[in-house]
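Dear colleague,

Please find the structure below, handed over for your records. My notes on what was found in it follow directly after.

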Amino acid sequence: MTAEEWLELFAKELGASAPGREEIERILELAAEAAHASERMAAPVACWIGARSGKPLTDLIELARELPATPPPA
């Protein structure tokens with residue numbers, strides 16, 4: 001089963017619509033920003049937080065790019 005097929009089935013079971021190819025690419029772009037600036041586990045959690053925020057993917061990606069890779073000094 002391909003990722004797209006699995007996502008389609010998952011979405012159907014939830015009563016939601018699956019993302020299209022372009023939207024998947026943007027989600028992966030957000031995940032990559034989070035994973036490269038932090039630990040890999042930040043990628044799926046950042047996507048979850050972003051989805052809950054209701055903000056557009058373009059805004060989420062822009063914000064992720066603006067965040068520092070290291071925390072600011074205390």
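Helices (H or I, at least four residues) and strands (E, at least two) are taken here as DSSP runs, numbered from the N terminus. On that basis the protein has 4 helices and 0 strands, and its pattern along the sequence reads α-α-α-α. The C-alpha trace spans about 45 × 25 × 20 Å along its principal axes.

Please note that this is a predicted model, in which local features need pLDDT of at least 70 and side-chain atom pairs count only at pLDDT 80 or more, while totals for chains, interfaces and linings use all residues. Residues are numbered from 1 along each chain as its sequence is written, and side-chain values use heavy atoms, with hydrogens and water left out.

Helix packing

Two packed helices are described by the angle between their axes and the distance between the axes. Axes are lines fitted to C-alpha atoms, for helices over the stretch in contact, and angles run from 0 to 180 degrees between N-to-C directions. Angles under 35 degrees count as roughly parallel, over 145 as roughly antiparallel, 65 to 115 as roughly perpendicular and the rest as oblique.

Helix 2 (residues 21–37) packs against helix 4 (residues 57–66) at an angle of about 20°, and their axes are 9 Å apart. Helix 2 and helix 4 are therefore roughly parallel to each other. On the helix 2 side, the contact (heavy atoms within 4.5 Å) includes Glu-23, Arg-26 and Glu-33, and on the helix 4 side it includes Leu-57, Ile-61 and Arg-65. By class, this contact of helix 2 with helix 4 holds 6 nonpolar, 1 polar and 5 charged residues. Here Ala, Val, Leu, Ile, Met, Phe, Trp, Tyr, Cys and Pro count as nonpolar, Asp, Glu, Lys and Arg as charged, and the others, Gly among them, as polar.

The axes of helix 2 and helix 3 come within 7 Å and cross at roughly 125°; helix 2 and helix 3 are therefore oblique to each other. Ile-27, Leu-30, Ala-31, Ala-34 and Ala-35 of helix 2 meet Ala-42, Ala-43, Ala-46 and Cys-47 of helix 3 in this contact. The contact of helix 2 with helix 3 comprises 9 nonpolar residues, with no polar and no charged ones.

Pockets

A pocket is, on a 1 Å grid over the protein atoms alone, an open set of points where a 1.4 Å probe fits, with protein on both sides within 12 Å along at least five of seven lines; lining residues have an atom within 4 Å of a point. Grid points are joined across faces, edges and corners, and a volume is the space filled by probe spheres set on the points.

The largest pocket holds about 560 Å³ of space. Its lining numbers 20 residues, and Pro-19, Glu-23, Ile-27, Cys-47 and Ala-51 lie nearest its centre. Helix 2 supplies the largest share of that lining, 5 residues. By class, the lining of the largest pocket has 15 nonpolar, 3 polar and 2 charged residues.

The second largest pocket holds about 320 Å³ and is lined by 15 residues, with Leu-30, Ala-34, Ala-46, Ala-64 and Leu-67 nearest its centre. Helix 3 gives the most to this lining, with 5 residues.

With kind regards
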